[in-house]
Every structure is written in C-alpha cells, then in structure tokens.
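Colleague: I would like to learn how to read a few features of a structure with you. Could we start with the charged pairs?

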Amino acid sequence: MSSHLIGTRIREARRKMGVTQRHLADLAGLSPSYLNLIEHNRRGIAGVRLQALARALNISPALLSEGPERALLAELQAIAGDGSADASGIEALVAQNPVWADRIAALSRQNRDLRESLAVLTDRLSNDPFLAETLHAVLSNVTAIRSTAGILSTVDDIEPDQQRRFVRSIHEESRRLSDAATALSTYLDQAVQGKAAAATPEEVVDRFLQKHGFAFAALDAGQSVDEVMHDAAELDSAPAQTLARALLERYASDASDLPLDAFYAAAQDCQFDPFALQRKFGGQMRQIFRRLAALRRDSLESPRLGLLIVKSAGQALWRQPLAEFALPRHGGACTLWPIYQAFSHPNHATLTALEMPDGTSVFALSLAEPVGPLKLGANVDYQAAMLLIPAESAQGLGSWLSEKPLHRSVGTTCAICPRKNCDSRSGVNFLARVTDAPR
Amino acid sequence: MTKSVLIIEDEPNIVESLTFLLERAGFVVGSEGDGENALARIADMKPDVVILDVMLPNKSGFDILRDLRLRGQTCPKVLMLTAKGQTRDQQMAEEIGVDVFMTKPFANAEVVARVRRLVLE
C-alpha cells in the first residue's frame, strides 16, 4: 500500500476509534469537509496536519504515512537483524503470506516482552525488599513448624501444658505461613502483570521516567524543575524525590546548553551523527548522547534510541532501555557489553554491533569520559555511556553507522542468558536450571 | 558443671522449641528477642554458647557478633542461625568470627549436636 492511500488509512483508523469525521476534524483542528477530501485520497496531507491527526487518532504518524506494511517490513528486517536476509525475500513474505509475516512479528514482540519481564523479575528476586522480607518470614514459619513438629513426633514424655503450647505454636505458624504464601502469590501475580507497586526509590523513578518517555517537554520549554516535581505525585518518598530531582536538574542543564529546537534541527542535518553534533555544540559526548536519547518522542521524527550511563563502579546513572535491549536495574549486566570495556580506553569511542541471544541486532556506541576538571595529583573519576541504536533505526541514519563496527555476541544478564560456553558467565543461571532439570 | 546457652532470636515459637530441646539436652537456657539488649544480656549471663539470629529488631546479628569480637572475646562460642543462607552472608559471618553457621529451617538433632560440640571445644 503506497503513500497515496494515506486517506484510506486515516478513515480506517477513525472507524476503528468509533468517531465521526466531524469529531475527528474537531480534535485535529481541521474542517470536516477538508478531512472528507483527505479520507477519500483527494487531498494529500503531511507535516503538522498529519501529526495533529495522528495525535487525535492516538497512533504514530509513520503508521499513517507509511502504512502497516512498512512498519511490518521494518519489524521483520529488525528480526533478520544482521542484514543476511534478502530484503526482497522479506517483502515477498509480507506480500504472499501476510498472515504468517504478522505472526512472526507478533511472536518476536512476545519474545521481547517475555525477555523484559524475565529481566525485571530476576532483578526483583535479587533486590526486592518485599520479596526478601516475605521469604524470610516464610523460612521462619517453616523453621518453627518443622522444629516443633519434630519434637512432638519424637519425644514421648512431654508435659501436657507444654504439648498444648507446641500444638498452638504449629497452628499459629501454619496460619502465618498461609498468609505469607497468599501475599507472595498475589505479589508475583501482579508483578507478572506489571502492576506491582514500585519496590524501591530507583523503581519509582524508573516508572516516572518511563511515564514521560524519558523526555520532559516542560523543561525543554523553560519550565523549572520545581514545577515538574510539583506535578509528580508518584514521587512519594524523599529518596525518590532526591533521585528524580538530580536527573531532572541534569536534564534542565542539558536543555539549557543544547536547546531542543536547535539541537533537533542540527541532528536532522547530520542524520543524528553524535560526532558531528559534538563538533558543532562542543561539550562532552555523554551530554550529546543524552540529548539524542531525549529526542525519542512522538512529536519528532527521530530514531528510537536507548541509553545507559554508568559510573566506574557500575552504578547506573541513566537507564533508557529498548524493547530489544533490557537494562538490569541493580547491576549484574552482561560484562561483555562494550560500555564496561570503555573504562579501559577513556575518550576512545567504539561502535559495536551487538547480537542478542535471540538474534536481534543493536548497535552500541560507547565511550568513557572523565568527570569534572583534572587536578594535579587527584584521582579522576570516569563515567561511561552507551548509546543504543536498534537495527531498524540504524537503516535511516548516516554514514557514521556504516564505519566497520566490531561484532560481539552478548546477553542481558547471566541469570537469564541462554548462551552456552561463555567464558564471562558468572553466578546462577535460571534458564540452565530450568532446562537442565530432570523431567 | 552445667553449660549455658543464650538464644538471641525474635521468633517466640522458635525460641520455645530450641529452649525445650536444649534443656532436655542438659543445658541452662536463656533467651533475648531484641538485638539492642543482646550484648548486655551476654555480659550478664556469660553463656558458653550463643545461638544468634541475623535479622533482629534494632540491631542485626552481624553487628552483635562484630561488637562481641571487637572486644577481643573468643567466648562465648557463636552459632549463627539464620534464614539468610546466601554464600555472601556466610562469608561475612566467617570473616567476623562466627564459630558455626547454620541455615533455617534446621534439623533439631543437628542444632543440639553442634551446640554440644561447641561447648566441648
């Protein structure tokens, strides 16, 4: 389906939404008669008007302008990943077997979602205070029951009073055990459905950033951090507020140094080349990375980017994941990620094509830079940043991404990595335990 | 001479079963449920063996053991009994100077046997 059928797509989307032409025209700020002409493909539409219509329909402008087939093609090309698949073969698959093409894309999305859920749950198993407390309570209950039952079953000459106390103890502990098991079951059920309450200040802040799409239009427009914080009721604890404020202040500082409009225009001119942007604006590369990642919003035509910034001790300062590339919250990430090698070659940028265990390909541009000014005799602290570019976004970017990248097979975190014979593996692997378990 | 054991544990039902088992084995047994009072109780009772939980109200078992060993005391012997059975917890306890590290849930006979062995050392 080509771009001249854009009106047909708008009409289908409007009908799916269940609104009249007049209603949609009102929402998008167009006249009903003009919308009617657009819907019948008698008038073209692009730019601001297309974006207004897409907003009103709550779908992406690309889906309207390029159609679902283009989106599906891009998705299948991303699944093919390393470019080994013949592009005409993918197009033929979509054209001849659209249902199967759609199923393949849906399975891939499902796989990514599951991988992300698994990473979140693994992260929680290790660090969630609720789980730690509840499991501790369960073990205490079981201990009391086992010890008391052991006494009752092996000792014959127990005084009747003491015997009654032991029986009462078993009754109390089994009731507590039942409550704890129910609470645990409910919690895990909610966690799988993504509804669990945020467990830590870091998790609260992560959700806050996700809710805003990692971009704060209000700060870009010159509003203060206080104003943004004032509207953020979800930041309900002092530690979460402190963490969020630090991130927002740095965002505001970036927005002041590299104003959105000028930065976006320059980024478009150089096809989002971070090196060209640094030559133009100066400053540190990790600031350029942060501004590039902040362009990821519906209102702008920009590539979908992820970003990780870490301190030399491994603590994450900014986690902006991609669906294809989960970023563990509490460390324990794959040590093969180039961001960690960057610390051994500060100020040396590397471009790496990362292959995930499921074959997904993501480009990573990494480098470490010093923090603050150098002082004679003083230790220098470093931060490393890794800009993540999914294969599908890379296709639209400039020559800077075609510089021969290194290739590396990586995972997310050892605990859920299916790769075998990895020299860098450490700790327990839950997948291995599941797959190796006797049947 | 009768040997004594102090159980520092905040779960009363676990304290009751341990007390029963150890008294039947011939020990004099005391208990304390608050981490903050533990050191004073040890100084007062002077037990031969302390059974020490890790997660206690007001002061953790690790902190109690650290304070005890910082005073240069190798007595009493300490058996750490905890639901936190991860390797790093055991390593930490051993670095601080624990004599025996056991995880919950425990087997009754094993706890009694370990305490007997500690008083004989």
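Colleague: How many salt bridges does a search of the whole structure find over all chains?

Modeller: The search gives 19. Keep in mind that this is a predicted model. One of the pairs is Glu369(A) with Arg286(A), whose side chains come to 3.5 Å, N to O.

Colleague: Are Glu369(A) and Arg286(A) buried or exposed?

Modeller: Both of them are buried. Compare Asp67(B), which has its closest N and O atoms 2.5 Å from Lys59(B) in a salt bridge; Asp67(B) is partly exposed, at 27% relative accessible area.

Colleague: And how should I read a salt bridge within one helix?

Modeller: Start with the geometry: an α-helix has 3.6 residues a turn, so residues three or four places apart point the same way. Here, Asp63(B) and Arg66(B) lie three residues apart in helix α3 of chain B, about one turn. Their side chains form a salt bridge at 2.8 Å, N to O. Asp63(B) is partly exposed, with a relative accessible area of 32%, and Arg66(B) is partly exposed too, with 33%.

Colleague: Which residues of helix α3 (residues 61-70) of chain B are buried?

Modeller: They are Gly61(B), Phe62(B), Ile64(B), Leu65(B), Leu68(B) and Arg69(B). These residues span an arc of only 165° around the axis, which puts them on the same side of α3(B). Just after the helix, Gly72(B) adopts a positive phi of about 80°.

Colleague: Now the sheet. What should I look for?

Modeller: Look first at the pairing: strands of a sheet pair through backbone hydrogen bonds, either parallel or antiparallel. In chain A, six strands make an open sheet of mixed pairing, ordered β2-β1-β5-β4-β3-β6. At its edges are β2 (316-320) and β6 (406-409) of chain A, each pairing on one side only. From one strand to the next, the twist averages 25°. Strand β3 (residues 350-355) of chain A runs parallel to β6(A), and four bridges join them; Glu355(A) has Ser409(A) in β6(A) as its bridge partner.

Colleague: Which residues touch the most other members of the largest nonpolar core?

Modeller: Phe208(A), Leu292(A) and Leu295(A) do, in a core of 52 residues. Beyond its neighbours within four places in sequence, Leu292(A) has contacts that include Phe263(A), Phe272(A), Leu305(A) and Leu387(A). A second, separate core has 26 residues, among them Val15(B), Phe20(B), Ile51(B) and Val115(B).

Key. Residues are numbered from 1 along each chain as its sequence is written. Chains are lettered from A and ligands numbered from 1 in the order in which they are written. This is a predicted model: local features need pLDDT of at least 70, side-chain atom pairs count only at pLDDT 80 or more; totals for chains, interfaces and linings use all residues. Side-chain values use heavy atoms; hydrogens and water are left out. Buried means under 20% relative accessible area, exposed over 50%, partly exposed in between (1.4 Å probe, protein chains only). Helices (H or I, at least four residues) and strands (E, at least two) are DSSP runs, numbered from the N terminus. The arc is that of the directions from the helix axis to the C-beta atoms. Two strands pair if DSSP finds at least two bridges between them. Axes are lines fitted to C-alpha atoms, for helices over the stretch in contact, and angles run from 0 to 180 degrees between N-to-C directions. A nonpolar core is a set of buried Ala, Val, Leu, Ile, Met, Phe, Trp, Tyr and Cys residues joined through side-chain atoms within 4.5 Å. Contact means heavy atoms within 4.5 Å. A salt bridge is a side-chain nitrogen of Lys or Arg within 4 Å of a carboxyl oxygen of Asp or Glu.
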